[in-house]
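Here is a short briefing to read alongside the model. Please keep the sequence and the 3D view open as you go through the points.

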Amino acid sequence: MKEDKEIQVGSARALVPFLIFVGIYLGAGMFFVSQGDPMGFYVLKAPIAILIGIISGFLIIKGKFDDKFDVFVKGCGDSDIIIMIMIYMLAGAFSTVSEAMGGVDSVVNLGLNFIPPSLITIGIFVIAGFISVSTGTSVGTIAAVGPIAVGFADKTGVSLALMIAALIGGAMFGDNLSIISDTTIASTRTQGCSMKDKFRTSLMIALPAMVITVILLYIFGRPESIADLQAVSYDYELVKVIPYLFVLIFALMGMNVFVVLGMGLLISGIIGLFYGEFDLVTFTQLSYDGFAGMFEMVLLAILSGGLAALVTYGGGIQWILNKIEKVIKNQMTAEFGIGAIVSLIDAAVANNTVAIIISGPTCRRISETYRIDPRRSATLLSCYSTFMQGLIPYGAQVLIAAGLTKGAVSPLEIIPLLWYQFIVLLLTIGSSIFPFANGYIHKHPWDFEKWTVLEECPRQKSITI
């Protein structure tokens with residue numbers, strides 16, 4: 001009875017393990033950066049930092065060890081966590097195999113052949129957006145398209161900082177919308193909605209932001225010279241674009257996530273085998289490499305689920321909600337609260353997927369309390385984390401993009417030109433004040449009667465994207 005009363009009131013003590021995790025991760029990142037490592041925030045792996053937080057949780061949170069261990073294990077094995085892990089692994093395999101069979105190169109070259117040289121800055125933005133939507137990785141997109149963007153800036157006289165900013169903006173546009181991105185997987189699974197519904201809701205913010213960005217790039221990003229690009233032709237194989245189109249189209253049609261990714265992986269494998277890019281054994285090895293490449297995210301998801309369960313068991317989530325209720329008075333301020341939570345955590349850990357996994361359970365409780373549609377809360381998590389991750393100078397996206405210029409442009413020079421990110425922030429804030437982005441939600445209202453406040457949302461009968 002006493003423990004139930006403590007959980008109802010909430011306990012700030014139960015939040016200490018989470019603060020230890022964030023403090024260690026943030027502190028280590030700042031230390032390595034101060035030692036001259038520009039990628040310092042990625043030296044200490046997040047699963048190690050969160051493991052320290054979990055150990056402290058067992059020591060700090062009240063209760064019998066066996067009870068806490070049972071809660072922790074159930075949190076690690078939550079069905080949403082397992083589903084998230086399986087999607088991560090399939091997405092990793094699809095991305096790795098598709099890139100190995102030449103899919104990324106064909107998409108880039110296809111775009112470059114059809115985009116007029118006079119619009120090359122817009123072209124880089126659009127190509128980066130499509131590749132990121134198709135592959136689900138903003139970092140991979142920047143690494144693939146970055147060298148081309150740098151070369152075009154040199155040949156056309158376009159500001160190198162602006163060209164790099166357009167590249168990052170396009171990559172973050174795709175990261176926000178991609179059906180198979182870590183961002184989408186984490187936001188939808190933590191909020192309890194389908195990926196295709198989140199796509200449609202997020203599109204109402206991302207698409208206007210993209211259009212405004214394109215207009216700005218048309219006005220301010222036109223090249224001084226296009227002579228060097230006029231006669232250039234880029235080789236591509238149209239068939240190698242098919243796997244990306246298949247995943248995108250059938251995902252939006254509502255096909256089961258595992259069927260879509262499994263078929264996409266199979267199609268990429270068949271194309272790669274036909275063109276001799278790899279043999280059958282190499283195909284299986286590439287698929288496994290894709291699984292292995294998601295190991296950090298998989299481990300983090302498991303441990304985060306366990307830590308979140310521990311913190312909830314100790315009354316930490318309830319304490320946050322009690323404090324937030326003093327500031328949040330309605331649905332609009334609740335949406336601002338969700339945005340603030342995920343943005344601050346992203347700024348601390350410099351990883352939008354990690355930020356969503358960490359803040360997701362708390363934000364879900366807030367959305368349940370204030371009757372925010374889960375498709376909307378998933379969109380808020382995605383949009384706010386996209387803004388922050390694509391803006392912070394110590395995030396992987398900005399660091400890698402700046403590194404491609406070999407010191408010619410610093411992250412601080414790029415930040416003022418990240419127009420897409422700023423526009424997403426303004427539109428996301430505006431959508432809470434003036435709900436212009438909720439058309440799909442209004443046409444397909446969520447059945448709130450199936451919800452019980454502060455308890456889990458109903459499980460979907462089938463997992464679709």
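Glu296 is partly exposed, because its relative accessible area is 29%, where partly exposed covers the range between buried (under 20% relative accessible area) and exposed (over 50%), with a 1.4 Å probe and protein chains only. Glu296 sits in helix α15, residues 295-313; helices (H or I, at least four residues) and strands (E, at least two) are DSSP runs numbered from the N terminus. This is a predicted model, in which local features need pLDDT of at least 70 and side-chain atom pairs count only at pLDDT 80 or more, while totals for chains, interfaces and linings use all residues. Residues are numbered from 1 along each chain as its sequence is written, and side-chain values use heavy atoms, leaving out hydrogens and water.

**Around Glu296**

- Leaving aside residues up to four places away in sequence, Glu296 touches Lys45, Ala46 and Pro47, a contact being heavy atoms within 4.5 Å.
- Glu296 and Ile48 are 248 residues apart in sequence, yet their C-alpha atoms are 9.9 Å apart in space.

**Overall build**

- The chain holds 23 helices and 0 strands.
- Of the 465 residues in the chain, 56% are buried.
- Among contacts in the chain with a separation of 6 or more, 82% join residues 24 or more positions apart.
- The chain has an accessible surface of about 19,200 Å², and 67% of that belongs to carbon and sulfur atoms; accessible areas come from the Shrake-Rupley method with a 1.4 Å probe, and for residues only the protein chains shown count as cover.

**Confidence**

- The mean pLDDT of the chain is 80, and 88% of the residues score at least 70; pLDDT is the predictor's confidence in each residue, from 0 to 100.
- Confidence is highest in helix α22 (residues 419-433), at a mean of 93, and lowest in helix α1 (residues 2-9), at 47.
- Residues 1-8 have pLDDT below 50, and this stretch has 9 contacts in the model beyond near neighbours in sequence.
- Residues 452-465 also have pLDDT under 50, and the model gives them 44 contacts beyond four places in sequence.
- Where pLDDT is low, the predicted coordinates should not be read in detail.

**Salt bridges**

- The count of salt bridges comes to 7, each being a side-chain nitrogen of Lys or Arg within 4 Å of a carboxyl oxygen of Asp or Glu.
- One of them joins Glu368 and Arg364, with the closest N and O atoms 3.5 Å apart.
- Glu368 and Arg364 are 4 residues apart in helix α18 (residues 352-369), about one turn of the helix, and both are buried.
- Salt bridges that share partners link Lys196, Asp197 and Arg200 into one network.
- Arg200 and Asp197 form a salt bridge at 3.9 Å, N to O.
- Arg200 and Asp197 are separated by about one helical turn because they are 3 residues apart in helix α11.
- Arg200 counts as partly exposed because its relative accessibility is 30%, whereas Asp197 is buried, with a relative accessible area of 12%.

**Nonpolar surface patch**

- Leu207, Val211, Ile215, Tyr218, Ile219 and Phe220 form a nonpolar surface patch with about 580 Å² of accessible area together.
- Patches are made of residues with over 30% relative accessible area and no salt bridge, joining like charges within 9 Å and nonpolar side chains (Val, Leu, Ile, Met, Phe, Trp, Tyr) within 5 Å.
- Val211 belongs to helix α11 (residues 195-220) and is partly exposed, with a relative accessible area of 40%.

- Glu335 lies in helix α17 (residues 331-349) and counts as buried because its relative accessibility is 4%.
- Not counting residues up to four places away in sequence, Glu335 touches Ile372, Arg376, Leu380, Tyr384 and Ser432.
- Arg371 is in the loop between α18 and α19 (374-389), and its phi is near 55°, a positive value in a residue other than glycine.
- Arg371 is partly exposed, with a relative accessible area of 32%.

**Cysteines**

- A search of the whole structure finds 0 disulfides, a disulfide being a pair of cysteine sulfur atoms within 2.5 Å.
- Cys363 counts as buried at 0% relative accessibility, and Cys383 counts as buried at 0%.
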